[in-house]
Amino acid sequence: MPRLRDFIELHFVILLWGFTAILGKLITIPAVELVAIRTLITALALWAIMYKARTPFWLGRSIGLKMLGVGFLIAAHWILFFAAARVSSVSICLIGLATCSLWTAFLEPLFTKKKIKPYEVFLALLIIFGLYIIFRNETDFNSVLGLSMAIGSALLASIFTIINANLVKKIPSTTITCYEMGGAFLGTVLFFPVYTMYFAEGNQLNFNLIPMDWVYLAVLILACTVYAYTAGVRLMQRISAFTMNLTVNLEPVYGIILAIFIFNESSQLSPEFYVGAGIILLSVFIYPVINTVAERRRKLQKAFPEEVIFRKD
């Protein structure tokens with residue numbers, strides 16, 4: 001039975017996730033170097049937690065390589081995510097990330113062989129309409145590039161979330177994340193040669209952290225990653241999956257509100273952005289509600305087919 005303090009902590013966890021993009025913009029080193037540091041320290045911290053809790057680590061070569069491979073996707077997701085916030089704004093970055101449910105609606109049937117649901121197609125089209133309104137009169141190249149990168153980041157997030165949904169049925173979640181953070185670090189390091197040759201300023205890596213960067217990094221790694229992750233898993237033991245998914249949709253809302261206060265982004269955003277963002281957020285919020293109603297109706301039809309048919313007639 002969830003308590004009031006559980007719901008308060010859940011909203012605090014979502015607030016921390018929304019704060020991630022802001023920290024990515026505040027930290028002065030580039031996105032690739034930031035992801036390398038974040039994933040390395042997070043992997044080590046999770047390994048220490050697993051060692052203390054005596055959580056199983058080695059699960060075989062095949063499963064280990066699969067989880068490391070998912071880490072490569074996470075690395076690319078975070079690099080695009082942080083880069084999008086740098087190139088454009090935190091608000092635009094978070095709106096692009098909100099399209100994750102759009103990608104999941106189309107990709108999950110491909111991975112799980114489930115049928116595409118009509119209401120998911122409708123909501124996906126609604127999100128596309130919201131993006132069209134934002135893009136329609138947008139002439140700033142950085143805003144267009146930032147939103148495109150954030151949408152790409154959402155696509156990758158959708159893919160590894162679908163894969164993790166299957167892995168978590170067999171493997172402890174802490175083990176999965178530890179492997180994936182290690183894979184994300186490895187993937188980032190392997191990307192260094194290409195990055196320094198074509199993308200890095202001055203064709204060299206930049207790990208020159210100023211004193212405040214260490215403070216922001218500590219908050220990003222310890223609070224927004226290690227604590228928020230472990231707390232989220234713990235809260236799932238008391239709070240229903242529906243409530244969790246519905247509340248997670250507040251992440252872009254909290255992030256945009258924080259960005260408006262911290263970076264004064266309201267003065268940089270057009271009225272079309274707010275209209276389009278409102279449509280996207282509306283579709284994101286109503287998706288779990290419609291999905292739950294549809295699932296209950298499907299179970300009712302399966303349990304009482306004759307009664308449902310009679311009512312239809």
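## Close-up views of a predicted model

**View 1. The second largest pocket and its lining.** About 320 Å³ of space lies in the second largest pocket. Helices α2 (31-53), α3 (61-87) and α8 (173-198) are the elements that give two or more residues to the lining of this second largest pocket. Helix α3 gives the most, with 5 residues. The lining of the second largest pocket has 14 residues, and Val-32, Ile-79, Phe-191, Tyr-195 and Phe-199 lie nearest its centre. By residue class, this lining divides into 12 nonpolar, 2 polar and no charged.

On a 1 Å grid over the protein atoms alone, a pocket is an open set of points with protein on both sides within 12 Å along at least five of seven lines, a cavity is a set of points where a 1.4 Å probe fits but cannot get out, and lining residues have an atom within 4 Å of a point. Grid points are joined across faces, edges and corners, and a volume is the space filled by probe spheres set on the points. Ala, Val, Leu, Ile, Met, Phe, Trp, Tyr, Cys and Pro count as nonpolar, Asp, Glu, Lys and Arg as charged, and the others, Gly among them, as polar. Helices (H or I, at least four residues) and strands (E, at least two) are DSSP runs, numbered from the N terminus.

Please keep in mind that this is a predicted model: local features need pLDDT of at least 70, side-chain atom pairs count only at pLDDT 80 or more, and totals for chains, interfaces and linings use all residues. Residues are numbered from 1 along each chain as its sequence is written, and side-chain values use heavy atoms, with hydrogens and water left out.

**View 2. The largest cavity and the residues around it.** The structure holds 1 cavity of 30 Å³ or more, and the largest cavity has a volume of about 60 Å³. Its lining is made up of Ser-101, Leu-102, Ala-105, Glu-120, Leu-123, Ala-124, Ile-127, Ser-283 and Tyr-287. At least two lining residues come from each of α5 (100-112), α6 (118-136) and α12 (271-303), and α6 gives the most, with 4 residues. The lining of the largest cavity divides into 6 nonpolar, 2 polar and 1 charged.

View 3. Leu-156 is found in helix α7 (residues 141-167). Leu-156 is buried, with a relative accessible area of 16%; buried means under 20%, exposed over 50%, and partly exposed in between (1.4 Å probe, protein chains only). Leaving aside neighbours within four places in sequence, Leu-156 is in contact (heavy atoms within 4.5 Å) with Leu-73, Ala-76, His-77 and Leu-80. From C-alpha to C-alpha, Leu-156 and His-77 are 5.6 Å apart in space, although 79 residues apart in sequence.

View 4. Lys-66 lies in helix α3 and counts as partly exposed, at 46% relative accessibility. The C-alpha atoms of Lys-66 and Ile-163 are separated by 9.6 Å, with the two residues 97 apart along the chain.

**View 5. Leu-26 in helix α1.** Leu-26 is found in helix α1 (residues 4-26) and is partly exposed, with a relative accessible area of 25%. Neighbours within four places in sequence aside, Leu-26 is in contact with Asp-213, Tyr-216 and Phe-263. Ala-85 is 59 residues from Leu-26 along the chain, and their C-alpha atoms are separated by 9.8 Å.

View 6. Cys-93 is buried, with a relative accessible area of 0%. The sulfur of Cys-178 is 19 Å from the closest cysteine sulfur, in Cys-224, so that is too far for a bond as well. Cys-178 is also buried, with a relative accessible area of 6%.

**View 7. Asn-203 in a loop.** Asn-203 is placed in the loop between α8 and α9 (211-235). Phi of Asn-203 is near 55 degrees, a positive value in a residue other than glycine.

Definitions and conventions. Disulfide = S-S within 2.5 Å.
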